[in-house]
Amino acid sequence: PDLAKADPSLFAISVCDLGGEVHNVGCVEEPFSIQSCCKPMLYMLALDECGAAFVGAKIGQEPSGQPFDALSIDPSNRAYNPYVNA
């Protein structure tokens, strides 16, 4: 995967404040793989939609019951579950 090729010495963060101003720190001009970058945002959405108690009860659960790196491809060559590595 692309993440394995990434230089671990590079770091950057960009934050957009409520006023729309963007604040950057680090190597923000370097291209990077977005693998797993959406997970914090999905976690926030789940908390907002379902509440902390419900989401907290699911933490540590893998929805398919398969190992995180199991290949799970359907007959049309698509992942059964888009949140599991395929």
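Analyst: Happy to. A search of the whole structure turns up zero disulfides, a disulfide being a pair of cysteine sulfur atoms within 2.5 Å. C16 counts as exposed because its relative accessibility is 53%, and C27, at 32%, counts as partly exposed. Here buried means under 20% relative accessible area, exposed over 50%, and partly exposed in between, with a 1.4 Å probe and protein chains only.

A word on the ground rules: this is a predicted model, in which local features need pLDDT of at least 70 and side-chain atom pairs count only at pLDDT 80 or more, while totals for chains, interfaces and linings use all residues. Residues are numbered from 1 along each chain as its sequence is written, and side-chain values use heavy atoms, with hydrogens and water left out.

Now the setting. The chain has three helices and two strands, in the order α-β-β-α-α from the N terminus; these are DSSP runs, helices being H or I of at least four residues and strands E of at least two. Of the 86 residues in the chain, 7% are buried.

Of its 23 lining residues, F11, A12, F32, S33 and C37 are the closest to its centre. Two or more lining residues come from each of α1, β1 and α2 (39–50). A pocket is an open set of points on a 1 Å grid over the protein atoms alone, where a 1.4 Å probe fits, with protein on both sides within 12 Å along at least five of seven lines; lining residues have an atom within 4 Å of a point.

F11 sits in the loop between α1 (2–5) and β1 (12–16) and, with 59% relative accessibility, counts as exposed. Together with I13, V15 and V25, F11 makes a nonpolar surface patch of about 390 Å². Such patches take residues with over 30% relative accessible area and no salt bridge, joining nonpolar side chains (Val, Leu, Ile, Met, Phe, Trp, Tyr) within 5 Å.

A4 is exposed, at 65% relative accessibility.

Conventions
Patch = residues over 30% accessible without salt bridge, like charges linked within 9 Å, V, L, I, M, F, W, Y side chains within 5 Å. Areas by Shrake-Rupley, 256 points an atom, 1.4 Å probe, with all protein chains shown as cover. Salt bridge = Lys/Arg side-chain N within 4 Å of Asp/Glu carboxyl O.
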